Amino acid sequence: SHYVRQGDTGVLCDTLSVPELALAIQQARRLANDSQRAERARAMVRKDLSVEGMARGLSTVYAQAVTG
């Protein structure tokens, strides 16, 4: 997922795997103590998930789909 940067703005894991989920929960708890993490996440949302950012990202995907 490009919405979550692993270990920076969040944690990704296979939620069907109990060991992976347990590890992800531990990682997420450590991330919660990083005071700069929230600002990095907000900055990513402002840049990439704004209307302009989403349009920019989608136009690239659509261009690739059309040109093959």
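In which helix of the protein chain is confidence lowest, and in which is it highest? Confidence is lowest in helix 2, at a mean of 83, and highest in helix 1, at 93; the score in question is pLDDT, the predictor's confidence in each residue, from 0 to 100. Over the protein chain the mean pLDDT is 86, and 97% of the residues reach 70 or more. The structure is a predicted model, in which local features need pLDDT of at least 70 and side-chain atom pairs count only at pLDDT 80 or more, while totals for chains, interfaces and linings use all residues. Residues are numbered from 1 along each chain as its sequence is written, and side-chain values use heavy atoms, with hydrogens and water left out.

The secondary structure of the protein chain consists of three helices and zero strands, giving the order α-α-α from the N terminus on. The radius of gyration is 15 Å, well over the 11 Å that the globule rule gives for 68 residues, so the chain is more spread out than a compact globule. Here the radius of gyration is taken over C-alpha atoms, and the globule rule is 2.2 Å times the number of residues to the power 0.38. Helices (H or I, at least four residues) and strands (E, at least two) are DSSP runs, numbered from the N terminus. The C-alpha trace spans about 40 × 30 × 10 Å along its principal axes.

Of the 68 residues, 13% count as buried; buried denotes under 20% relative accessible area, exposed over 50%, and partly exposed the range in between (1.4 Å probe, protein chains only). The chain exposes about 5,300 Å², of which carbon and sulfur atoms supply 61%. These accessible areas come from the Shrake-Rupley method with a 1.4 Å probe, and for residues only the protein chains shown count as cover. Among contacts with a separation of 6 or more, 34% are accounted for by residues 24 or more positions apart, a contact being heavy atoms within 4.5 Å.

Side chains of opposite charge can pair when their charged atoms come close. A search of the whole structure finds five salt bridges, each defined as a side-chain nitrogen of Lys or Arg within 4 Å of a carboxyl oxygen of Asp or Glu. One of them joins the side chains of D8 and R40, at 2.4 Å from N to O. This pair links distant parts of the chain, with D8 in the segment before helix 1 (18-32) and R40 in helix 2 (residues 37-48), 32 residues apart. D8 counts as buried at 18% relative accessibility, whereas R40 is partly exposed at 29%. R40 also meets D34 in a salt bridge of 2.7 Å, N to O, and D34 is partly exposed at 27% relative accessibility.

Leaving aside residues up to four places away in sequence, R37 touches D8, T9, L31 and A32. The C-alpha atoms of R37 and G7 lie 9.5 Å apart in space, although the two residues are 30 apart in sequence. In the segment before helix 1, G10 counts as buried at 12% relative accessibility. With residues up to four places away again not counted, G10 touches V4, R5 and L31. Between the C-alpha atoms of G10 and A32, 22 residues apart along the chain, the separation is 9.3 Å.

The loop between helix 1 and helix 2 contains S35, which is exposed at 61% relative accessibility. S35 and M54 are 19 residues apart in sequence, with 27 Å between their C-alpha atoms.

On the surface, Y3, V45 and L49 form a nonpolar patch with about 230 Å² of accessible area together. Patches are made of residues with over 30% relative accessible area and no salt bridge, like charges being joined within 9 Å and nonpolar side chains (Val, Leu, Ile, Met, Phe, Trp, Tyr) within 5 Å.
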